[in-house]
Amino acid sequence: MNKLTVRDVDFKGRRVLCRVDFNVPIKDGVVNDNTRISAALPTIKYVLDQGGALVLMSHLGRPKGKGYETEFSLKPVAGRLQELLGRPVKFGPDCIGPDTLAMARALKPGEVLLVENTRFYPDEGKAKVADTATEEEKKAAKAEMKKKQADLAAKLAPLGDGEIFINDAFGSAHRAHASTALVCKYYKKNVAGFLMEKEIDFMGRALSNPEKPFVAILGGAKVSDKVNVITNLLTKVDSLIVGGAMAYTFYRAKGLPTGKSLVEEDKVDLAKDILARAQAAGVKLLLPVDNVIADKFDAAAQTKTVGEKIDEGWLALDIGPKSAELFAAEIRKAKTVVWNGPMGCFEMAPFAAGTLAIAKAVAGTKCLSIIGGGDSVSAVNKSGLAGKMSHISTGGGASLEFLEGKQLPGVVALTDK
Ligand code: AMP
């Protein structure tokens, strides 16, 4: 990686500001999943062990941006972090302002402070404009938001001492927000934390210098969500496997009957274009050859397995066993695999087999396997095979934008080596 990382700087005696991704599921004040907190621990421990004091900030959920909302408070996370870290964690009642700033300034080496949700401020995010707004109004709202974001970044910056800022929040790196990118201008050295470094290293390795054959597996709901990923990957992969509801827009493009399956009518021409481009680029594009279809979108629906023709009035909710085997055979030949999106409605037991078969196939290879995106990650976790993958990305949107070949603002803002 061509950016500075925590390994390149000395934290002794510094008060370090660090952006983490503690956007965890919380219900009734209880943290339900530690994954993201645990993922930040290596960086946190490293700084504290080196004699730095640490101020952590994060967003949580989507509050209205009009001030404090109990439901979105990071306070329960401070408690959980304290348990996992085995050291006291102080909690700042706000992310800016004199009280929190005083707590930050009072930190001693080895001490850690988590401050309150950055999204309690409307400036931490996108301009919200009504669909009915004119172009002029949209422009004005954007400019206003940019100004607010810059102001918030200036207020967050003094939480640290201005020397070292760490960004370990890969999951938010695709956003040019106050706490991810804009705050960097107030720091001498902006460095990647261990998690950020790992994400960029793995994904970068797959995209810039993949060992061949390189197989991409794309699934999930919509072609429109993944079209930029497909476009970027078509120039790099040897094979592209398409499953999930996306496949049926491709079916339609090939003139196959799709019944009531989810098809994006306005993306059928795009699917035709992708099929032609794959052929021109010599990329093998594999679609399901059989499907599990249902008479309704329901776990208790009547189901059957059919070939490429979906019965009138039925909808395809998973790839069939022949497709799973065809895809698995392709995966077994791969040296690099990138997977984003489930093969079917895996949340419902009768339609989970296709996704599970793919998880097993990827887990069974010795190749570099990268799982990116929220739903494929939960599918892999559900399968119990997570430990067999080379890398499971912590960032849904960020990993998707990385796969699209976009520069992530949170990464761009880090200091070059
Ligand atoms: P995405 O967020 O684009 O990766 O889409 C994931 C969602 O796509 C999951 O909630 C799946 O249930 C859904 N999905 C996958 N395959 C199908 C299908 N054949 N029909 C409808 N929804 C699907």
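User: Which residue forms a salt bridge with glutamate 330?

Analyst: Heads-up first: this is a predicted model, where local features need pLDDT of at least 70, side-chain atom pairs count only at pLDDT 80 or more, and totals for chains, interfaces and linings use all residues. Numbering runs from 1 along each chain as its sequence is written, and side-chain values use heavy atoms, with hydrogens and water left out. As for the salt bridge (a side-chain nitrogen of Lys or Arg within 4 Å of a carboxyl oxygen of Asp or Glu), the closest N and O atoms sit 3.3 Å apart, and the partner of glutamate 330 is lysine 333.

User: Why are glutamate 330 and lysine 333 separated by about one helical turn, and in which helix?

Analyst: Helices here are DSSP runs (H or I, at least four residues), as are strands (E, at least two), numbered from the N terminus. The two residues are about one turn apart because they are 3 residues apart in residues 321-333, which is helix α9.

User: Is glutamate 330 buried or exposed?

Analyst: Buried means under 20% relative accessible area, exposed over 50%, and partly exposed in between (1.4 Å probe, protein chains only). Glutamate 330 has 9% relative accessibility, so it counts as buried.

User: Which residues are linked in a network of salt bridges with Glu330?

Analyst: A search of the whole structure turns up 22 salt bridges. Here, the network takes in Glu330 together with Lys284 and Lys333.

User: How far apart are the closest N and O atoms of aspartate 311 and lysine 304?

Analyst: Side chains of opposite charge can pair when their charged atoms come close. Aspartate 311 is partly exposed because its relative accessibility is 27%, and lysine 304 is partly exposed too, at 33%. In their salt bridge, the closest N and O atoms are separated by 2.7 Å.

User: What relative accessibility does aspartate 266 have?

Analyst: Aspartate 266 is in a salt bridge with lysine 267, with closest N and O atoms 3.3 Å apart. Aspartate 266 counts as exposed because its relative accessibility is 60%.

User: Over at the ligand, how much of its area does the protein bury?

Analyst: Look at the polar contacts first (pairs of N or O atoms within 3.5 Å): a backbone N or O atom of alanine 221 lies 3.0 Å from a ligand oxygen, and a polar backbone atom of alanine 245 is 3.2 Å from a ligand nitrogen. Lysine 226 also puts a side-chain N or O atom 3.2 Å from a ligand oxygen. Alone, the ligand exposes 510 Å², and the share buried by the protein is 81%.

User: Which residues does serine 369 contact, leaving aside neighbours within four places in sequence?

Analyst: Serine 369 belongs to strand β16, residues 368-371. With 1% relative accessibility, it counts as buried. Taking contact as heavy atoms within 4.5 Å, its partners are Val337, Val362, Lys388, Met389, Ser390 and His391.

How values were computed. A polar contact is a pair of N or O atoms within 3.5 Å; within protein, one must be able to donate a hydrogen and the other to accept it, and residues adjacent in sequence count only if both atoms are side-chain atoms. Accessible areas come from the Shrake-Rupley method with a 1.4 Å probe; for residues, only the protein chains shown count as cover.
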